[in-house]
Amino acid sequence: MKIRLSNVGVVKNADLEFIPGLNLIVGSSGSGKSTLMRTIYNAATNEFADSDITFGKNSMSVEIECDGNNIQYNRSIRNSVRMVQYVK
């Protein structure tokens with residue numbers, strides 16, 4: 001499984017690849033471990049919110065590739081108007 005995040009919570013940009021078996025997510029407090037787990041859950045349930053966008057940014061994007069299936073999720077806030085695009 002591959003995950004690409006941009007402006008999601010405390011994560012500015014991240015490209016991650018999980019391998020079969022055990023994968024450990026380690027890091028200091030506030031480094032984005034919970035953000036990553038919440039993002040995977042939100043992608044599975046399509047429950048993203050404007051509050052998931054990095055503070056001070058107007059948009060976020062999430063791309064997940066798993067077993068040949070791709071999910072791309074983009075969310076933008078422009079002039080207090082919320083725009084959501086979900087591509088499966």
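What percentage of the 88 residues in the chain do buried residues make up? I looked that up to start my notes: buried residues come to 31%, where buried means under 20% relative accessible area, exposed over 50% and partly exposed in between, with a 1.4 Å probe and protein chains only.

**Ground rules.** I am working with a predicted model, where local features need pLDDT of at least 70, side-chain atom pairs count only at pLDDT 80 or more, and totals for chains, interfaces and linings use all residues. I number residues from 1 along each chain as its sequence is written, and side-chain values use heavy atoms, with hydrogens and water left out.

**Layout.** I found one helix and five strands, in the order β-β-α-β-β-β from the N terminus. These are DSSP runs numbered from the N terminus: helices are H or I of at least four residues, strands E of at least two.

Beyond four places in sequence, F48 touches T39, N42, A43, M60, V62, Y73 and R75; contact means heavy atoms within 4.5 Å.

**K12.** My last stop was K12, in strand β2 (residues 11-17). K12 is exposed, at a relative accessible area of 62%. Leaving aside neighbours within four places in sequence, K12 contacts L5, S6 and N7.
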